[in-house]
Amino acid sequence: MRELLERLGKMAGALVTNTGLMALMLFHASIYAFTPPIKFRNIFKQMEFVGVKSLFVVVLTGSFTGMVLAYQSFNALKRFGAESLVGPTVALSMARELGPVLTGLMVSGRAGSAMATELGTMRVTEQIDALHTMGVNPIKHLVVPRILAGVLMLPFLTVITDFVGVVGGYFVGVHLLDINPGVYMGRTMDFVNVEDLFYGLYKSIVFGLIISLTACYHGFYTTGGAEGVGKAATNAVVLGCVLILAFNYLMTSALL
Amino acid sequence: MIEIIGLKKSFNSKKVLDGVDLAIERGKITVIIGRSGEGKSVLIKHIIGLLRPDSGKILLDSKEITALREREFNELRKHFGMLFQGSALFDSMTVAENVGFPLKEHTGLHDDEVMKVVAEKLHRVGLVGIEGMMPADLSGGMKKRVGLARAIVMDPEIVIFDEPTTGLDPIMADSVAELMLETQRALKTTYIVITHDIQLTYKIADMVAMLHQGKIIAKGTVEDIKKNPNPVLKQFLEGSAEGPIKVY
Ligand SMILES: Nc1ncnc2c1ncn2[C@@H]1O[C@H](COP(=O)(O)OP(=O)(O)O)[C@@H](O)[C@H]1O
Ligand SMILES: [Mg+2]
């Protein structure tokens with residue numbers, strides 16, 4: 001019993017420390033993001049890394065999800081003769097929930113783990129110390145571009161996920177389930193509006209911040225050599241995914 | 001003159017530095033020796049402000065640098081260069097970008113001017129025509145040389161070396177030692193070197209200090225050190241398993 005309490009106490013302590021340090025990192029990064037000189041080259045490089053290089057996996061995820069959604073909603077809606085509503089069901093689910101969440105999870109696995117690995121390697125090989133000794137702030141040089149890239153590119157990737165999801169749904173609905181194309185598109189236009197898209201994009205901005213911040217935090221404070229780098233990457237992805245799901249719930253319950 | 005006064009540092013209740021007192025003269029090569037894990041790296045990280053002491057202070061030309069705020073320290077760091085144990089080259093950048101990095105960050109030099117300085121420094125460390133290579137493609141000795149070129153690219157007054165010869169074969173180690181002597185003599189820079197390499201110490205040191213159990217236990221020229229009767233120092237210099245230092 002005492003052991004259990006001690007364990008819980010330690011975990012709570014670690015939670016407070018981690019949250020505090022992460023908040024501090026975010027605070028410093030926000031300040032440095034707006035202090036000149038702004039390192040556009042670094043920012044573009046990270047945007048390319050997070051955005052362009054995640055395109056493939058995001059397109060795959062979006063299209064398969066859209067197609068599966070079409071099948072399942074068809075199956076459900078058919079039971080009360082509302083097959084014509086497959087289009088809006090797919091589009092709404094993609095735009096409001098699955099687009100941002102799946103994009104977040106996939107980018108966390110791909111870019112978040114890579115970011116944590118890169119920064120962790122830089123930490124254990126003293127490259128971060130080297131920056132410091134050269135009078136270059138490592139938060140400004142390394143963390144700011146990654147956080148900006150996450151925040152800017154996640155909405156962009158989410159739009160793509162949403163789009164290919166809807167295309168995938170259309171393909172299944174119209175070509176495989178024989179829903180009339182005019183009805184499919186018409187119903188989608190009737191029920192889905194641009195606010196639904198933005199609702200998902202707001203979420204994706206938060207997810208982008210979560211991915212970059214957890215990755216930078218775990219990478220930046222890596223200890224313990226090569227093994228530590230591996231742990232940092234794993235922890236970054238696990239924490240990133242959990243936070244994405246938790247914040248998604250919070251935002252949905254608050255915004256709906 | 002760099003004066004380290006009563007410097008103490010612990011990590012999670014583990015005492016690493018326990019009141020280090022040491023004066024380092026300008027324009028000379030001071031070598032700090034000690035066993036692995038004795039806190040040599042921790043000591044120099046205090047000099048360059050990567051770590052802050054629990055108590056004690058460091059004076060640079062009578063100015064207390066341990067009391068400086070981060071931004072003030074950053075200004076000061078432009079007068080320091082450091083060669084890390086693993087060279088710490090940025091592996092996302094080419095050799096030229098690595099060496100030119102401090103110039104790009106801190107001077108208004110144009111790209112072609114930067115390249116000129118980079119080529120000159122690389123030449124000084126005996127490397128020609130490798131500007132476009134990536135650090136991953138270099139041997140350990142070449143990395144050290146590139147690291148040295150980067151450390152001296154801003155013509156710093158003080159250069160700190162963390163185990164410059166560890167991990168190199170004896171011939172490469174000697175050539176790095178030669179290089180250190182050459183670059184130091186050319187500009188009379190202050191070099192602070194930490195190492196457990198006795199050969200290197202004898203070869204380059206103007207002044208030697210031994211760090212043991214968190215304190216400086218002996219200090220002097222190479223001649224002084226060789227004559228010093230301190231048994232711990234003797235055992236270390238002879239590289240013997242027998243003596244007051246117990247090996248587990
Ligand atoms: N940032 C740190 N956090 C905790 N312990 C550290 C840290 N840096 C060094 N230490 C500990 O301090 C001791 C001295 O390390 P170091 O200065 O690297 O030794 P060396 O003399 O081989 O350079 C080691 O036991 C190391 O584990
Ligand atoms: Mg060391």
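Two strands count as paired if DSSP finds at least two bridges between them. Strands themselves are DSSP runs of E, at least two residues long, and helices are runs of H or I, at least four, both numbered from the N terminus. With that in hand, take β9 (residues 207-212) of chain B: five bridges join it to β10(B), and the two run antiparallel. One pairing there is B:Leu211 with B:Ile216 in β10(B).

Some ground rules. This is a predicted model, where local features need pLDDT of at least 70, side-chain atom pairs count only at pLDDT 80 or more, and totals for chains, interfaces and linings use all residues. Residues are numbered from 1 along each chain as its sequence is written, chains are lettered from A and ligands numbered from 1 in the order in which they are written, and side-chain values use heavy atoms, with hydrogens and water left out.

Stay with chain B. The β9-β10 pair belongs to an open sheet of six strands. The order is β6-β7-β8-β3-β9-β10, and the pairing is mixed. Which strands stand at the edges? They are β6 (80-83) and β10 (215-220) of chain B; each has a single partner strand, so one side of each has no neighbour in the sheet. Neighbouring strands here are turned by 20° against each other on average, direction ignored. Axes are lines fitted to C-alpha atoms, for helices over the stretch in contact, and angles run from 0 to 180 degrees between N-to-C directions.

Now the helices on this sheet. Contact means heavy atoms within 4.5 Å. α1(B) packs on the sheet, touching β3 (29-33), β6, β7 (158-162), β8 (190-195) and β9 of chain B. Its direction makes about 155° with that of β8(B). Helix α9 (residues 231-238) of chain B lies across β3, β9 and β10 of chain B, at about 105° to β9(B).

Chain B has another open sheet, of four strands. The order is β2-β1-β4-β5, with antiparallel pairing. Its edge strands are β2 (14-24) and β5 (63-64) of chain B, each pairing on one side only. Strand β1 (residues 2-11) and strand β4 (residues 55-60) of chain B are joined by five bridges and run antiparallel. B:Ile4 has B:Ile58 as its bridge partner in β4(B). Helix α1 (residues 40-47) of chain B packs on this sheet too, touching β1, β2 and β4 of chain B, and its direction makes about 120° with that of β1(B).

One backbone detail here. B:Asn12 sits in the loop between β1 and β2 of chain B. Its phi is near 45°, a positive value in a residue other than glycine.

Over to chain A. It has nine helices and zero strands. Its C-alpha atoms fill a box of roughly 65 × 55 × 30 Å, taken along the principal axes. The peptide bond from A:Pro36 to A:Pro37 is cis, with omega near 0°. A:Pro37 lies in the loop between α1 (2-33) and α2 (40-50) of chain A.

Salt bridges next: a side-chain nitrogen of Lys or Arg within 4 Å of a carboxyl oxygen of Asp or Glu. How many are there over all chains? The structure holds 22. One joins A:Arg146 and A:Glu118, at 2.9 Å, N to O. That pair links distant parts of the chain, 28 residues apart: A:Arg146 in helix α6 (residues 138-176) and A:Glu118 in helix α4 (residues 86-124) of chain A.

Last, the interface. 21 residues of chain B are in contact with 15 residues of chain A. The buried area is about 1,600 Å², and carbon and sulfur atoms give 57% of it. By buried area I mean the accessible area (1.4 Å probe) that two parts lose on being put together, summed over both. In chain B, B:Leu50, B:Phe84 and B:Phe90 lose the most area to chain A, together 27% of what that side buries.

What about charge? The rule finds three salt bridges across this interface. The side chains of A:Asp129 and B:Lys45 meet in a salt bridge at 3.5 Å, N to O. Among the helices of chain B, α2 (70-77) and α3 (95-106) each supply at least two residues of the side that touches chain A. α3(B) gives the most to that side, with four residues.
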